[in-house]
Amino acid sequence: NDTTTVELYTFKAVGSDWQEDPLQAGYQSGDFQVATIGTDNSFYLPPPSLEREIDPTTGVRLSEHSLSLEFTDLFPGDAVSASRNFLQGADYTRYGTLTMFIHGGNPSSPTYTTNLPSAGDSLVTGISPVEAFLRFTPINDDTTNFYEYRSRVYRGWEPDVNTISVNLELMSQLKGQLLDIQSTGQETDTLTVSLQQGDFGAYYDRERNQMQLEFEGNSYIVRGTPALSQIKAFTVGIRNQGEDILLGKTEIWFNELRVDDVRKKAAFSAVMDMRTTLADLGNVTVNVERRSGDFQDLQGNASGNTTNRLNFDSAVNVDKFLPTEWNTTIPIRFSYNRFTSEPRIRPGSDIVLTPQQKQNENDVRSQTRFNISWRKRPAQEKPRLASKLFFDKVNTSLNYSSDASTSGAITQRRDTQNENLN
């Protein structure tokens with residue numbers, strides 16, 4: 001009659017792949033460490049818009065953690081950071097936004113209210129001296145080729161101001177502008193760049209091979225030639241942009257690095273065919289086709305190029321307007337074919353093109369053919385001598401052809417044109 005109790009446990013290892021980066025040269029600040037903090041702490045609250053996962057077996061809501069950068073007495077201009085590396089590169093060209101939540105300060109710390117202003121008080125106290133940055137690169141520790149996003153950090157989660165939201169298309173277009181400026185030998189350090197979102201003032205640093213612009217109160221930076229199609233490393237960090245030391249121990253939490261806005265836009269493909277025949281006088285054939293770059297085939301693949309195709313072919317028998325007793329055949333044929341391909345991304349790169357760049361970098365092929373021939377058949381009854389000598393054996397033609405093509409990126413445009421007349 002004894003009762004036996006059996007308890008079953010599941011063991012799970014929880015860790016962090018984020019590692020502390022070496023401190024910069026001339027670092028004057030205090031200690032720095034990378035840690036994790038989560039719902040096992042009484043004062044911790046997850047991001048407001050984040051739903052905690054539920055264990056499908058036990059039905060228990062799982063614990064949730066954030067990455068914590070903990071630093072002491074951060075001097076003006078000093079920065080601390082942590083990085084995470086991946087063995088396989090990831091392709092982010094099919095996404096629109098890179099998102100991450102930030103929490104300013106530890107509510108249980110006395111520096112929570114002294115080092116980090118409230119977003120609601122920023123009009124009175126000014127912008128926060130604490131700046132967060134997110135850097136992503138094709139290779140870890142690459143300081144010459146990277147994308148970087150910077151924003152100020154305020155107290156608490158503050159979703160409206162403390163959420164990193166990187167517009168990946170804008171970042172890609174900024175890289176395209178940087179490459180275009182390099183190819184033209186731009187000398188000035190301030191200029192206006194035209195992106196999909198409009199015209200912006202930008203700062204060009206020739207020595208660092210870098211371009212920076214401000215968008216919606218945040219900084220976008222591209223240095224060198226990184227590629228969104230092959231990202232292997234992420235770095236998050238904090239920099240003191242104020243004039244005073246951030247005294248005491250301060251914590252900044254980072255949570256839920258993810259990509260959003262998968263490219264699944266409405267697309268279409270249309271074909272029109274028309275053929276007109278005017279008895280034995282002639283005929284006209286027209287074929288028009290258009291396919292948008294996001295149109296997917298049966299395997300779910302999209303080319304990314306918006307294509308247009310026009311085929312026009314016509315034939316007219318001019319001899320039908322002449323007397324039949326002339327026994328003359330004069331067919332005229334004209335055809336015109338044109339194909340255009342407008343890329344969304346610059347070929348061989350990850351650069352999302354602006355509307356103006358798409359027009360400058362599209363591929364165009366055209367073909368024109370013209371043929372006219374004249375043939376005189378011998379008269380069947382009572383042929384005249386002059387006709388027999390000069391006209392009855394006439395058989396001649398005129399042919400004209402033209403082929404033209406334009407292709408390549410703005411820095412490597414290729415134009416070809418061939419004409420033939422016989």
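1. A strand, as the word is used here, is a DSSP run marked E of at least two residues, with strands numbered from the N terminus; E131 has its place in one of these, strand β6. The model under discussion is a predicted one.

2. At 6% relative accessibility, E131 counts as buried, because that value falls under the 20% cut-off. Its side chain is joined to the side chain of Q241 by a polar contact of 3.1 Å. Leaving aside residues up to four places away in sequence, E131 touches R150, S151, R152, V153, G237, I238, R239 and Q241.

3. Turning to the sheet, 9 strands form an open arrangement in the order β1-β4-β13-β6-β7-β12-β11-β10-β9, and the pairing is antiparallel. The edges are taken by β1 (19-20) and β9 (190-195), each of which has a single partner strand, so one side of each is left without a neighbour in the sheet.

4. Within this sheet, strand β4 (residues 79-90) pairs with strand β13 (residues 231-240) in the antiparallel sense over 8 bridges, and V80 stands opposite I238 in β13.

5. Helix α3 (residues 168-184) lies across β6 (130-137), β7 (146-152), β9, β10 (198-205), β11 (210-215) and β12 (218-223), and the helix runs at about 50° to β12.

6. The second largest pocket has a volume of about 430 Å³ and is lined by 21 residues, of which D21, S81, R135, T143 and T235 lie nearest its centre. Strands β4, β6 and β13 each supply at least two residues of this lining, and β4 gives the most, with 4 residues.

Methods:
Residues are numbered from 1 along each chain as its sequence is written. This is a predicted model: local features need pLDDT of at least 70, side-chain atom pairs count only at pLDDT 80 or more; totals for chains, interfaces and linings use all residues. Side-chain values use heavy atoms; hydrogens and water are left out. Two strands pair if DSSP finds at least two bridges between them. Contact means heavy atoms within 4.5 Å. Axes are lines fitted to C-alpha atoms, for helices over the stretch in contact, and angles run from 0 to 180 degrees between N-to-C directions. Buried means under 20% relative accessible area, exposed over 50%, partly exposed in between (1.4 Å probe, protein chains only). A polar contact is a pair of N or O atoms within 3.5 Å; within protein, one must be able to donate a hydrogen and the other to accept it, and residues adjacent in sequence count only if both atoms are side-chain atoms. On a 1 Å grid over the protein atoms alone, a cavity is a set of points where a 1.4 Å probe fits but cannot get out, and a pocket is an open set with protein on both sides within 12 Å along at least five of seven lines; lining residues have an atom within 4 Å of a point. Grid points are joined across faces, edges and corners, and a volume is the space filled by probe spheres set on the points.
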